[in-house]
Amino acid sequence: MKTLLFDLDNTLYAPECDLFSLIDVRINRYMQEVVGIAEGEVDGLRRQYWADYGVTLQGLIRHHGVDPDDYLHYVHDVDVATRIGPDPQLRQTLERLPQRKAVFTNGSHEHAVRVLKTLEITDCFDAIFDIRIADYIPKPHPQPYQNVLDRLDATPGDCVMIEDTEANLRTAKALGMRTVLVGGKRSGEFVDHHILAVGAIASTLSEISPNKD
Ligand SMILES: [Mg+2]
């Protein structure tokens, strides 16, 4: 395995940090205050857009003409340091892994930079791929995975995808990547390995047999 693809939110830090709830509040506010959607319709539309497109943003682009960069800037404008802090243990773990490492997130590049900086692990990663990688089409759609592979000049067989969202691992597995579920409960056959927190990644990777490298 030459390349490790890490999801960001609720993967590189624990879901108990509850950072996403800050973003969640801002998504609702954006829909009401900027797009002008009635308060009572926000939750239903978010559920619908999640089900139809994987992220709220795609629904807002398609049905409300929202400027994606304006949206991404607004919803990620949160003080991440109120929920997460430096993680020297994770840093040590990542530093010991010889593979190339990239962040692959449905969030924005700017958000990823802020999170990595706050965790103090920025320099552990060689690249960050955000929702712009496939023109705002999110995981689990295969297109962003394909674009990430192209940018890294990697084959799926070279890669391990490390994620808290099972649907995103299903696509990774279908493309031929190895998959590691972080947190939650292992269920689908597309989950090769399950760890409770990202800190356990090193021992799991040592179990994955070297793949022609
Ligand atoms: Mg996640």
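The model is predicted: local features need pLDDT of at least 70, side-chain atom pairs count only at pLDDT 80 or more, and totals for chains, interfaces and linings use all residues. Residues are numbered from 1 along each chain as its sequence is written.

**Burial of β5**
- Buried means 20 or more other C-beta atoms within 10 Å of the residue's own, with C-beta atoms placed from the backbone.
- Arg 178, Val 180 and Val 182 cover one side, and Thr 179 and Leu 181 the other; all are buried.

**Strand partners**
- β4 (residues 159–163) runs parallel to β5, joined by 4 bridges; strands pair if DSSP finds at least two bridges between them.
- Glu 163 has Leu 181 in β5 as its bridge partner.
- From β4 the chain passes through helix α8 (residues 166–175) to β5, a right-handed β-α-β crossover (clockwise from the first strand over the helix to the second, with the strands pointing away from the viewer).
- β6 (residues 193–195) is also parallel to β5, with 3 bridges.
- Val 182 stands opposite Ile 195 in β6.

**Domains**
- Domain 1 is 3–15 + 86–207 and domain 2 is 19–75, with bounds from an automatic or database domain assignment.
- Their centres, taken over C-alpha atoms, are 24 Å apart.

Definitions and conventions
A residue is buried if 20 or more other C-beta atoms lie within 10 Å of its own, exposed if 12 or fewer, and partly exposed in between; C-beta atoms are placed from the backbone. Helices (H or I, at least four residues) and strands (E, at least two) are DSSP runs, numbered from the N terminus.
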